[in-house]
Amino acid sequence: MKTTNRFNVIVAVAATILMGMFESSDAQLQMNFYAKSCPNAEKIISDHIQKHIHNGPSLAAPLIRMHFHDCFVRGCDGSVLINSTSGNAERDSPPNLTLRGFGFVERIKTLLEAECPKTVSCADIIALTARDSVVATGGPWWSVPTGRRDGRISKLAEATNNIPGPTSNFTTLQQRFANQGLNLKDLVLLSGAHTIGVSHCSSMSERLYNFSTTVKQDPSLDSEYAANIKANKCKSLTDNTTILEMDPGSSRSFDLSYYRLVLKRRGLFQSDSALTKNSATLKMINDLVNGSEKKFYKAFAKSMEKMGRVKVKTGSAGVIRTRCSVARS
């Protein structure tokens with residue numbers, strides 16, 4: 001009996017230790033993590049955004065996109081910001097070639113280093129900047145617990161293989177979200193960020209001119225919408241510079257317009273159209289469109305909070321980079 005009891009105690013202790021190993025990184029994220037070490041950190045970030053975002057309101061979309069792309073590769077660890085002299089970092093990968101906002105984040109980092117050296121991580125700056133820039137343009141607020149630490153590894157191939165692209169089909173989207181612990185509901189809600197911002201013709205021109213070996217134009221794209229883009233925006237397959245609104249007429253408003261366009265087959269990307277190919281995600285979109293903006297905001301916030309916890313480095317894991325663009329800083 002004593003041997004059995006001792007064995008049960010050992011098993012219970014081992015289970016507790018294992019649970020701690022799996023849960024520790026998440027548990028160490030907390031609201032106001034810098035309250036003592038850098039009490040003005042979040043205000044410095046918010047003030048900088050409030051000061052500059054109105055001069056460049058289109059920056060909110062790239063900043064939230066940067067947060068997505070950071071979290072989908074090695075977790076939310078700021079590795080998307082790292083420069084590589086060999087051109088082999090995450091930011092050199094095809095999904096990140098059109099990312100903007102690197103200089104903006106670096107300027108915030110400089111302000112924070114002056115206030116509290118070696119304290120606030122680049123990963124936390126990305127997470128807070130994404131939220132505050134969306135709020136500054138009238139979008140939803142969500143909780144951003146902090147305490148993330150930075151990674152030092154940034155690989156082009158990992159970004160290419162993990163970030164969902166504009167040409168992704170439903171299977172790819174589902175798998176790449178699942179790889180990060182995100183479900184179909186998160187996929188639909190986080191895709192809602194396409195309600196703000198712009199893209200380039202290069203992200204969708206194959207839908208117009210070179211969709212497959214049998215059809216030139218994607219049949220799932222509304223023909224009238226496609227004709228309008230061809231006539232006024234993407235006039236050739238080789239146009240890589242012309243800018244397109246992802247949510248035409250509403251690209252600066254965080255609203256439900258994106259989902260309405262998706263249902264009308266006017267989503268800009270193949271990945272937008274893919275959301276209608278599955279009965280579960282299609283139902284979610286219809287429910288959102290028939291619901292309130294307030295309900296959408298609340299659900300979107302929940303998925304953003306969830307994504308912001310993906311594979312974070314906390315405690316003794318990771319580092320605090322003093323320059324976001326330099327791995328060894």
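## Basis of the model

The structure is a predicted model, in which local features need pLDDT of at least 70 and side-chain atom pairs count only at pLDDT 80 or more, while totals for chains, interfaces and linings use all residues. Residues are numbered from 1 along each chain as its sequence is written, and side-chain values use heavy atoms, with hydrogens and water left out.

## Pockets

A pocket is an open set of points on a 1 Å grid over the protein atoms alone, with protein on both sides within 12 Å along at least five of seven lines; lining residues have an atom within 4 Å of a point. Grid points are joined across faces, edges and corners, and a volume is the space filled by probe spheres set on the points. The largest pocket has a volume of about 1000 Å³. Its lining comprises 48 residues, of which Arg 65, His 69, Pro 164, Pro 166 and Phe 269 lie nearest the centre. At least two lining residues come from each of H3, helix H7 (170–178), helix H8 (184–191), strand E1 (198–200), H9 and H12; H3 gives the most, with 6 residues. Helices (H or I, at least four residues) and strands (E, at least two) are DSSP runs, numbered from the N terminus. By class, the lining of the largest pocket has 25 nonpolar, 17 polar and 6 charged residues. In this classification Ala, Val, Leu, Ile, Met, Phe, Trp, Tyr, Cys and Pro count as nonpolar, Asp, Glu, Lys and Arg as charged, and the others, Gly among them, as polar.

The second largest pocket is lined by 14 residues, with Lys 185, Leu 189, Leu 288, Ala 299 and Ser 303 nearest its centre. Two or more residues of this lining are given by each of H8, helix H13 (279–289) and helix H14 (293–307). H14 gives the most, with 6 residues. The lining of the second largest pocket divides into 5 nonpolar, 2 polar and 7 charged residues.

## Enclosed space

A cavity is a set of grid points where a 1.4 Å probe fits but cannot get out. A search of the whole structure finds 1 cavity of 30 Å³ or more, and about 50 Å³ of space lies in the largest cavity. Residues lining the largest cavity include His 67, Ala 127, Trp 142, Arg 148, Met 304 and Glu 305. The lining of the largest cavity has 5 nonpolar, 3 polar and 3 charged residues.

## Salt bridges

The structure holds 11 salt bridges, each being a side-chain nitrogen of Lys or Arg within 4 Å of a carboxyl oxygen of Asp or Glu. Arg 74 forms one with Glu 158, the closest N and O atoms being 2.7 Å apart. Arg 74 lies in the loop between helix H3 (60–71) and helix H4 (102–115) and Glu 158 in helix H6 (residues 156–162), so the pair ties together parts that are 84 residues apart in sequence. Arg 74 is partly exposed at 32% relative accessible area, and Glu 158 is partly exposed at 22%. Buried means under 20% relative accessible area, exposed over 50%, and partly exposed in between (1.4 Å probe, protein chains only).

Arg 131 and Asp 132 meet in a salt bridge at 2.6 Å, N to O, and both residues are buried. Asp 218 and Arg 207 are joined by a salt bridge at 2.9 Å, N to O. Asp 218 lies in the loop between helix H9 (205–209) and helix H10 (223–232) and Arg 207 in helix H9, so this pair ties together parts that are 11 residues apart in sequence. Both Asp 218 and Arg 207 are buried.

## Surface patch and backbone

Met 31, Val 135 and Trp 141 form a nonpolar patch on the surface, with about 290 Å² of accessible area together. Patches are made of residues with over 30% relative accessible area and no salt bridge; like charges are joined within 9 Å and nonpolar side chains (Val, Leu, Ile, Met, Phe, Trp, Tyr) within 5 Å. Accessible areas come from the Shrake-Rupley method with a 1.4 Å probe, and for residues only the protein chains shown count as cover. Val 135 belongs to helix H5 (residues 122–136) and is partly exposed, at 31% relative accessibility.

Asn 32 has a positive phi near 55° although it is a residue other than glycine; Asn 32 lies in the loop between helix H1 (2–27) and helix H2 (41–52). Arg 265, also not a glycine, has a positive phi of about 65°. Arg 265 is found in the loop between helix H11 (257–263) and helix H12 (270–274) and is partly exposed, with a relative accessible area of 39%.
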